[in-house]
Amino acid sequence: MQKENLMSLLSLMQVPNVGNVLAKNLIAYCGSPEAVFKQKKNHLVKIPGIGEKIANNILKFNAFEKAEAEVAFIEKHQIQPLYFLDENYPARLKEIVDTPVLLFYKGNADLNQGRVIAIVGTRKATDYGKSICEKLIAELYPYNPLIISGLAYGIDYCAHKAALAHGMSTVGVLGHGLDKIYPAAHRSVAVKMVAQGGLLTEYRSGTSPDREHFPERNRIVAGMVDGVVLVETSRFGGALITAEIASSYDREVFAFPGRVGDEYSSGCNHLIKVNKAYLIENTEDLVYFLGWQKGVEKPALRTNKYGALPLEQLAIINVLKEKEKSELDYLTQTTGYSLSEISVLLLDMEFKGIIQALPGKCYRLL
């Protein structure tokens, strides 16, 4: 991503009342983050979701120096900004409506490798839970998955540490900026993860690990994986939030059962009881449900081109099939959609890897 657009995107995400969904609409309509700040008010108010109040917020915004400081931090610490249209942005995460427009990543793991699994659980892991976690990861080694967790105390920490010990890539999704490690006691493991996996966050530097960030963090954990494994959790543990989110994203959810009456097995047992998680007792169960085949490496995942698409996008595809490339005005006239409607549709298709935006507001099929 060009530096100018990165600075504009960082600024856009600081505009009051502009979140990930509205930022995408703005970028789709205007063509780039930089172009958003060059629009006139009468153009901005026509964009879906952008009324007079938000348009005024954009026009009045002048805190660009914060973006400059963040870019300097990114460059100094060799952080990879992952824009949601970048090829190396987690493709699985692109399926989520409120996927972050921008992620900050420090590491070397391929976030789109063929097999990605999250392992989560209570911060107060018992010896029983730790032994299950360590055994699971040791036995997953032949399948070479990327292990995702949240770098928290307990099961998260156990999962990261076991993955490192067995030479597997592991990525921690953080609820704060990359200028700190929380909890601080996990710094040594986090440093090793950067060399054998990575650290990923949607929060810019200076963002503290506030309580409300962790449920937001959990949606990224749930969205970027094939499945979520709960090792141990209480009936009201934070890992249940991740499980609920994963289920809403149509991700597979798995849980190890525990003894009746044990506090930190009650959450897993509940999920199994209400049919929100598959009961697994060992690695073989997990591999079976995920359809993983031992010794056969699944190719790196890239965004699907022609999955189940809305009729509006199928109509655009039919137009694009007729010509090597088509201008935005031609697409608008041919399909009958308004400029704002087709801009959002085209951005979503670009997001899915179906089309490519070309100079001069032209598009072609990939």
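This is a predicted model: local features need pLDDT of at least 70, side-chain atom pairs count only at pLDDT 80 or more; totals for chains, interfaces and linings use all residues.
An α-helix has 3.6 residues a turn, so residues three or four places apart point the same way. Just after α11, Asp250 takes a positive phi of about 65 degrees. Helices (H or I, at least four residues) and strands (E, at least two) are DSSP runs, numbered from the N terminus.

Nine strands make up an open sheet of mixed pairing, in the order β1-β2-β6-β5-β4-β3-β7-β8-β9, and two strands pair if DSSP finds at least two bridges between them. Because β1 (80-83) and β9 (278-279) stand at the edges with a single partner strand each, one side of each is left without a neighbour in the sheet. Helix α11 packs on this sheet, touching β3, β7 and β8, and its direction makes about 155 degrees with that of β7, on a scale from 0 to 180 degrees between the N-to-C directions of axes fitted to C-alpha atoms, for helices over the stretch in contact.

A further open sheet, antiparallel in its pairing, has three strands in the order β10-β12-β11, and its edge strands, β10 (326-327) and β11 (355-358), each pair on one side only.

Residues are numbered from 1 along each chain as its sequence is written. Local features need pLDDT of at least 70 and side-chain atom pairs count only at pLDDT 80 or more, while totals for chains, interfaces and linings use all residues, and side-chain values use heavy atoms, leaving out hydrogens and water.

How values were computed. Contact means heavy atoms within 4.5 Å.
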